[in-house]
Amino acid sequence: MNEHPSAAELQDFATSAARACEACQGLSPKAAAQRLGADGLLGLLAPEPHGLGLHRAFARPVIAAAAARRLGFPLVETLAASSLLAAAAPSIAEAVLSGHEVLTAARAGSVSAAWADGAMVLNGITGEFPMALDAHWLLTPVMHGTAGPALAIVDLAAVGHEVEPRGELDIDRPRGALRFTDHRLPPSRFIDQGELLSAHRADDLLLSANDLHECARSALDLALAHVSARSQFGRKLVSFQALRHDLARARMGLENGERLIEQALAASPDAALAAAELAYAHAAAVTPGIAEMALQMHGGMGFTWDVPTHFYLRRIRAQVASLGAAEARDRVAERAIAQALAPLPA
Amino acid sequence: MQAQAHGSSVTAADPAAYRLGVRAWLEAELPQHWRADQLGYRAPATAELYDWERRMHAAGYAGMAWPTAYGGQGLTIREHLIVNQEIGRLAMPLSANSLGKELVGPILLEIGSEEQKLRFIPRLLRMEEIWCQGFSEPEAGSDLARIRTRAEKTASGWRINGQKIWTSLADRADYCLLLARTGSLEDRHGSLSLFALPMGARGITVRPIRQMTEAEGFCEVFLDDVEIGDDALIGSVNEGWRAAIEVLSVERATNRMYRGWRFENEFRHLVRVCAAEPTLRHVLADRHYRQQLAASWADIEIVKRYAVDVVERLAQGQRIGQHGSFMKLHWSEAHQRFAVLALEILALGWASDTPEIANARRRFEEIYLQGRAETIFAGTTEIQLGIIADRILQLPRGG
Ligand SMILES: Cc1cc2nc3c(=O)[nH]c(=O)nc-3n(C[C@H](O)[C@H](O)[C@H](O)COP(=O)(O)OP(=O)(O)OC[C@H]3O[C@@H](n4cnc5c(N)ncnc54)[C@H](O)[C@@H]3O)c2cc1C
């Protein structure tokens, strides 16, 4: 059942995803996890028996529903990690995808890993990750001396870990970082198989791009509603062409990004990472400006807690702080230049 | 009607084989010296271009999705896409009858009479009749509802008086797709009609306008008591605008479908010149330029994907509404950004004006200058933004 869903299937799915996310409003992250897990939403993408083994496109309505409601939960992180966990750490997959334990993920950092006495010893600091104080597991990139980039699954509940709260940007999903000093990781929680890593990265970037889009779309909707209702100079703000054109441009930015997300969703496994990097680089470049514009269009109201626009902006900015447009573009540039220099297929 | 405009149900049995066939034919037949990314490039003369396009059609690579009865290939819009992708891959000269093939053909297929389809479409495909588009007027540019050129009913047909401007190729065209007023000006869009105006008719004066790029064929057209027959009317009286706009909104999404792939060809050209030239090689290692190249690459992928998505939607019989406005707005601005980047990069090679750099500079200067028109014609940037605001976002207009 790993096929691209039809529009009708997605619509059905969107309705149940919205209901599930609605039910999570006001719940603690752990309670939300159980609710989402019981509905099967966390294991959407993981292969059976851990999950439903659905096409990645099914993640879109779930991410949309969660972003619009500003769900305080590491949803993208969990969905993106689900296949990886199922393959490399089945018992953790079981606990996380059923909603009994919460997993979060860092995208960057400077953690080194080295073998010593039958364990992987970690040193250094992770990049920022969301839901830092509520998660049981942390998936973090590490650099292994000889084997190159890898991922470590760290048990945050184990003694000796002190998560450092970081930044105030994302109020819905407070962030933190973790410092390791000679932390001994059980070998089974160290993942360095290239294919698993790149598939995980592709899913993570694609779903993150999607999340950025949904946050920007929510902010844009708020701006549309505000300028349609508010009058100044004796007319509705929406009648001013300068605002209409800015709104249209923002809409085009999302429409353009949609093309890249669609392309990444349709990509074959060997093209998936490149397509996801491109989609993410675009989303990271375009969505912050859309949320900032949306805030501006609210005037003073935008600067208050009376309208939720700033929450979306915060979420977007916190996300691109951990993986920015420029870094994402570096990867795109590498591929684009290599492709331009390669001969055209005959 | 969609089926007619976008292809019968016949599909080339094997798309991959079809593609290889197109690719091999173009590779073998397109002269090297007409390829703008090759040294020794020279633009083809008009007659050479007509001949080339005639041969393309004879080989099966024009009118892919049009019925064979009108000279088309009887295939679908999917084959149209494949041919365009292959055309885009090469730095091929632009069509000398693009208004005929991209605008007039689809309009005739949609609202023309059977006689008109049989009469006009095969000839424009065979390059026997070249078309121009007479919409814009001195007082009616973005606001086409203010068109004043008037067509009055006579006993045997229509009498036309007025003036058109910015009429590309009017100096060589055999026919003009004319939008003229057939009722009162107050009715704005509701009293405009479309005509196939023979450019050889008495009373037509064509005056050239010197274009910024020095490219020939930009004209203004004066119409003084021009008499044309009843059969010149396309579609119904006073329905010209509605029909035109319907077709135009699809055309905006489908015309020059090769665009994204040509854009990629330009990108390749620029990167390859940088890699080959010692004075430019540092560009490819410089993060500032790499970031900009990556942004252009994303732009290109978006243009390509829009085309692929539109073809799929049309092939499945879905409507594309006003989505062509996103495409037009995006590609025109993205192309301008890329041209600016190319000029900036190539200027860094000033110390060694090798033939490769000189050739690239010539090409990208032309693209840069021509690019300035791309946000003006076919509905300006501001008009596209207005369409998105009004029709897609459906923002209320009133005060
Ligand atoms: C190279 C080239 C080839 C062309 N070929 C043809 C052809 O073959 N046939 C043909 O009929 N036409 C042709 N055109 C004409 C083209 O379609 C018009 O130039 C275009 O529609 C704009 O009209 P205009 O020049 O009168 O500018 P105007 O409409 O006067 O616009 C001037 C500026 O004001 C802006 N503007 C206008 N209205 C608004 C508004 N409501 N809100 C905000 N801004 C606004 C415009 O965006 C533009 O920036 C061609 C143009 C070019 C440049």
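Is B:R188 buried, exposed or partly exposed? In this predicted model, B:R188 has a relative accessible area of 37%, so it counts as partly exposed.

As background, most residues other than glycine have a negative phi, and most peptide bonds are trans. You'll find B:R188 in the loop of chain B that runs between β4 (175–181) and β5 (192–198).

Chain B has another arginine of this kind: B:R256 isn't a glycine, yet its phi is positive, at about 40°. B:R256 belongs to the loop between α7 (240–254) and α8 (259–276) of chain B. With a relative accessible area of 26%, B:R256 is partly exposed.

Over in chain A, the thing to look at is a peptide bond: the one from A:E48 to A:P49 is cis, and its omega is near 5°. A:P49 lies in the loop that links α2 (29–38) and α3 of chain A.

**Chain A as a whole**

Chain A has 10 helices and 11 strands. Its radius of gyration is 21 Å, close to the 20 Å that the globule rule gives for 346 residues, so chain A is as compact as a globular protein of that length. Along the principal axes, the C-alpha atoms of chain A fill a box of roughly 75 × 60 × 40 Å. Of the 346 residues in chain A, 55% are buried. If you take the chain A contacts with a separation of 6 or more, 72% of them join residues 24 or more positions apart.

A:R317 gives a local view of such a fold. A:R317 sits in helix α9 (residues 309–322) of chain A and is partly exposed, at 32% relative accessibility. Leaving out residues up to four places away in sequence, A:R317 touches A:L169, A:P288 and A:E292. The C-alpha atoms of A:R317 and A:L212 are 9.3 Å apart, although 105 residues separate the two along the chain.

**Two helix pairs**

Two packed helices are described by the angle between their axes and the distance between the axes. Here is how one pair from each chain looks:

| Helix pair | Angle | Axis distance |
|---|---|---|
| α3 (59–68) and α6 (194–229), chain A | about 45° | 9 Å |
| α9 (287–315) and α10 (324–347), chain B | about 150° | 10 Å |

For the chain A pair, that angle makes α3(A) oblique to α6(A), and the crossing is right-handed. On the α3(A) side, the contact uses A:A59, A:R60, A:I63, A:A64, A:A67 and A:A68; these meet A:L207, A:N210, A:D211, A:E214, A:C215 and A:S218 of α6(A). Sorted by class, this contact has 7 nonpolar, 2 polar and 3 charged residues.

For the chain B pair, α9(B) is roughly antiparallel to α10(B), because an angle of about 150° is over the 145 degrees required. This crossing is left-handed. Residues making the contact include B:Y289, B:L293, B:I302, B:V303 and B:Y306 from α9(B), along with B:F326, B:W331, B:F338 and B:L341 from α10(B). Charged residues take part too, among them B:D299 of α9(B) and B:R337 and B:E344 of α10(B). By class, the contact between α9(B) and α10(B) comes to 14 nonpolar, 4 polar and 3 charged residues.

Terms used
Residues numbered from 1 in each chain as written. Chains lettered and ligands numbered in written order. Predicted model: local features only at pLDDT ≥ 70, side-chain atom pairs only at ≥ 80, totals over all residues. Heavy atoms only, no water. Axes fitted to C-alpha atoms, helices over the stretch in contact; angles between N-to-C directions. Helix = DSSP H or I, 4+ residues; strand = E, 2+ residues; numbered from the N terminus. Parallel < 35°, antiparallel > 145°, perpendicular 65-115°, else oblique. Left-handed = near helix turned anticlockwise from the far one by under 90°. Contact = heavy atoms within 4.5 Å. Rg over C-alpha atoms; globule rule 2.2 N^0.38 Å. Buried < 20%, exposed > 50% of the residue type's maximum accessible area, 1.4 Å probe, protein only.
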